[in-house]
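Subject: Structure handover

Hello,

Here is the structure for you to look over. My notes follow it.

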Amino acid sequence: GANLYNRSIVLQGFNKLEQGGRVTLGHYLDSRRETHISASYQLQDVTVTDVAPALRPLFSQQGLTSSAISDLSWDRRDNRLFPTKGFYTAVSGEFAGGPFGGAADFFRARYNARGFVPIPVPLEPILRGNMNMGWIVPTLTDTVPVQERFRVCGINSIRGFGINSLGPRLRVLSQDDPASPDVEFVVGGTQVFTLNLELEFPLIKPAGIRGVLFTDSGNAFEPGAGIVFDDLRYSYGFGIRWFSPIGPLRFEWGFPVDREPGEDARQFEFTIGSFF
């Protein structure tokens, strides 16, 4: 497989532009096509813009990122697009820089597990679970590039909080002037943990409209701190999903637990596409 991309990602405190491509070779390891292994090479040019002056030294490793990626997955779902039972688990590793060149040097590992359990009661609800863990460490330098660190929150992560708003933070000056007010910047973590639990059930079955109740937890963590479960943030909410002719539509309302100053009481989010 191969792909090319040109994407702009708006984050808190800066914008990230990624232009590049990836080539992949993969192979199933069993006759039932459940276990899959792949190896990829990715080359991308990473540019960071709209950065507060006090944050510019944190982005010294922007430019070309050249990396090798390996993935191993085991898929026992009954349907890969709309699963109702089974499980999926995958682990991946990415090595950037070093012999591959480029401006960024790091190693990143990810683990994902998903489970689907039908409940034999009226409405035939499905209990769905999704867990993600990740680690990133520098290799030839002392720090992980800020633009590569983990940030969580959003409709495909921890719902109920502002997009990419959770994770380690810094207070920095908003301008070069020492008298300017300081602002809080989500610098990102080097470890991440998220857990999503959902109960999905039909509302109007012939039309493909389903309801969902959910609870989420997770956070990103300081370098060297590991995954600190006492620092997890929590949310809950509900949503409506429509498997429309143009694809799955998701309308979801999330509510944070133990709100902190500056956090909204609720977040409404919409997207086209399934979650997990």
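Thr271 counts as buried, at 18% relative accessibility. Buried here means under 20% relative accessible area, exposed means over 50%, and partly exposed is in between (1.4 Å probe, protein chains only). Thr271 sits in strand β14, residues 267-272. Strands (E, at least two residues) and helices (H or I, at least four) are DSSP runs, numbered from the N terminus. Beyond four places in sequence, Thr271 is in contact with Ile155, Pro248, Leu249 and Arg250. Contact, or touching, means heavy atoms within 4.5 Å. Gly189 is 82 residues from Thr271 along the chain, and their C-alpha atoms are separated by 25 Å.

Some ground rules before the rest. This is a predicted model, with residues numbered from 1 along each chain as its sequence is written. Local features need pLDDT of at least 70 and side-chain atom pairs pLDDT 80 or more, while totals for chains, interfaces and linings use all residues; side-chain values use heavy atoms, with hydrogens and water left out.

Overall picture

The protein has 14 strands and zero helices. Its pattern along the sequence is β-β-β-β-β-β-β-β-β-β-β-β-β-β. Along the principal axes, the C-alpha atoms fill a box of roughly 65 × 50 × 35 Å.

Of the 276 residues, 45% are buried. Take the contacts with a separation of 6 or more: 55% of them join residues 24 or more positions apart. The accessible surface is about 14,400 Å², and carbon and sulfur atoms hold 60% of it. Areas come from the Shrake-Rupley method with a 1.4 Å probe; for residues, only the protein chains shown count as cover.

On charge, there are 26 positive and 29 negative side chains. The centres of the two sets lie 8 Å apart. Lys and Arg count as positive, Asp and Glu as negative; His and the chain ends are not counted. Each charge is placed at NZ of Lys, CZ of Arg, CG of Asp or CD of Glu.

Which residues touch the most other members of the largest nonpolar core? They are Val152 and Cys153, in a core of 13 residues. Apart from it lies another core, of eleven residues, including Leu11, Ala52, Leu55 and Val187. A nonpolar core is a set of buried Ala, Val, Leu, Ile, Met, Phe, Trp, Tyr and Cys residues joined through side-chain atoms within 4.5 Å.

Cys153 lies in the loop between β7 and β8. It is buried, with a relative accessible area of 3%. Leaving out residues up to four places away, Cys153 touches Ile158, Phe161, Gly162, Ile163, Asn164, Ser165 and Leu166. Its phi is positive, about 110°, although Cys153 is not a glycine. Most residues other than glycine have a negative phi.

Gln147 is in the loop between β7 (126-138) and β8 (169-173). At 4% relative accessibility, Gln147 is buried. Beyond four places in sequence, Gln147 touches Phe14, Lys16, Val46, Val48, Phe59, Gln61 and Gln62.

Gly167 is also found in the loop between β7 and β8. Gly167 counts as buried, at 16%. Leaving aside neighbours within four places, Gly167 is in contact with Val186, Asn219 and Ala220. The C-alpha atoms of Gly167 and Ile227 are separated by 12 Å, at 60 residues apart along the chain.

Other sites

Ser92 is in strand β5, residues 86-96. It is buried at 18% relative accessibility. Outside four places in sequence, Ser92 is in contact with Ser70, Asp71, Arg108, Ala109 and Arg110.

Pro118 lies in strand β6, residues 106-118. At 42%, Pro118 counts as partly exposed. Not counting residues up to four places away, Pro118 touches Thr84, Lys85, Pro125 and Ile126. Pro118 and Glu200 are 82 residues apart in sequence and 9.6 Å apart, C-alpha to C-alpha.

Is Asp258 buried or exposed? Asp258 counts as exposed, at 65% relative accessibility. Its place is the loop between β13 (247-256) and β14. Asp258 has a positive phi, near 55°, in a residue other than glycine.

Best wishes
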